[in-house]
Amino acid sequence: MASIPVAITGAVTIVGYSITLPFVTTDSFTFSFPYLSQDDFEIEVNSETILDAADYEFTSDYLIQLTTVGKDKLNALYGLLTTTDMTIRRRTQVTTRLVDFKDGATLTEEDLDLQATQNFYLIQE
């Protein structure tokens with residue numbers, strides 16, 4: 001399998017790949033944008049299939065690799081194709097605030113930075 005990065009114009013929180021099938025467990029996909037949590041990712045294949053957390057794992061901070069479950073799932077769905085596209089995008093938590101300020105609590109730089117970063121990432125997305 002070969003994967004070729006694809007430029008996505010104007011996007012700072014998305015990376016695309018054009019993939020020659022079949023998928024294998026040594027398939028690794030890199031990205032360079034920052035994130036708050038590894039749970040903040042959505043991986044889409046062929047513009048329709050969104051991978052579950054069991055389908056991939058982080059092998060380093062900016063490298064995602066398919067698991068056996070993910071490889072088998074994708075090969076079953078797209079085994080007849082010769083190429084397909086994959087998109088990795090950051091989806092920062094939007095329904096829950098990561099910081100909840102309370103009256104009389106100590107206001108820390110860490111909490112302020114986390115709140116500001118969450119807002120900044122949401123604006124980017």
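The following dialogue explains how to read several computed features of this predicted model.

Reader: On what basis are residues numbered and values computed?

Author: Residues are numbered from 1 along each chain as its sequence is written. The model is predicted, and local features need pLDDT of at least 70, side-chain atom pairs count only at pLDDT 80 or more, totals for chains, interfaces and linings use all residues, and side-chain values use heavy atoms, with hydrogens and water left out.

Reader: How many helices and strands does the protein have, and in what order do the elements run?

Author: Helices (H or I, at least four residues) and strands (E, at least two) are DSSP runs, numbered from the N terminus. Here the secondary structure comes to two helices and eight strands. From the N terminus on, the order is β-β-β-β-β-β-β-α-β-α.

Reader: Which strands pair with E8, and over how many bridges?

Author: Two strands pair if DSSP finds at least two bridges between them. E2 and E8 run antiparallel and are joined by seven bridges; in this pairing Ile-19 stands opposite Thr-84 in E8. E4 also pairs with E8 in the antiparallel sense, over five bridges, and Glu-42 stands opposite Arg-89 in E8.

Reader: Is E8 mostly covered or mostly uncovered?

Author: A residue is buried under 20% relative accessible area, exposed over 50%, and partly exposed in between (1.4 Å probe, protein chains only). In E8, six of the eight residues are buried. For the protein, buried residues make up 33% of the 125 residues.

Reader: Which residues of helix H1 are buried, and what covers them?

Author: In H1 (residues 68–78) the buried residues are Gly-70, Leu-74 and Tyr-78. They lie on the same side of H1, because they cover an arc of only 35° around the axis; the arc is that of the directions from the helix axis to the C-beta atoms. Contact means heavy atoms within 4.5 Å. The cover of these residues includes strands E4 (41–45), E5 (49–50), E7 (63–66) and E8 (83–90).

Reader: Where does Thr-13 lie, and which residues does Thr-13 touch?

Author: Thr-13 lies in the loop between strand E1 (2–6) and strand E2 (14–20). With a relative accessible area of 6%, Thr-13 is buried. Not counting residues up to four places away in sequence, Thr-13 touches Phe-33, Ile-88, Arg-89, Arg-90, Gln-124 and Glu-125.

Reader: How many aromatic pairs are there?

Author: A pair of aromatic rings is described by the distance of the centres and the angle of the planes. Rings of Phe, Tyr and Trp (its six-membered ring) pair if their centres lie within 6.5 Å; planes under 30 degrees apart count as stacked, over 60 as edge-to-face and the rest as tilted. The count by this rule is 13 aromatic pairs. The rings of Phe-33 and Phe-41 have centres 6.0 Å apart and planes at 25°, so this pair is stacked. Both Phe-33 and Phe-41 are buried. Tyr-35 and Tyr-62 form an edge-to-face pair, with 5.9 Å centre to centre and 75° between the planes.

Reader: Over which ring does the charged end of Arg-90 sit?

Author: A charge sits over a ring if NZ of Lys or CZ of Arg is within 6 Å of the ring centre and within 35 degrees of the ring normal. The charged end of Arg-90 sits over the ring of Tyr-121, 3.9 Å from its centre.
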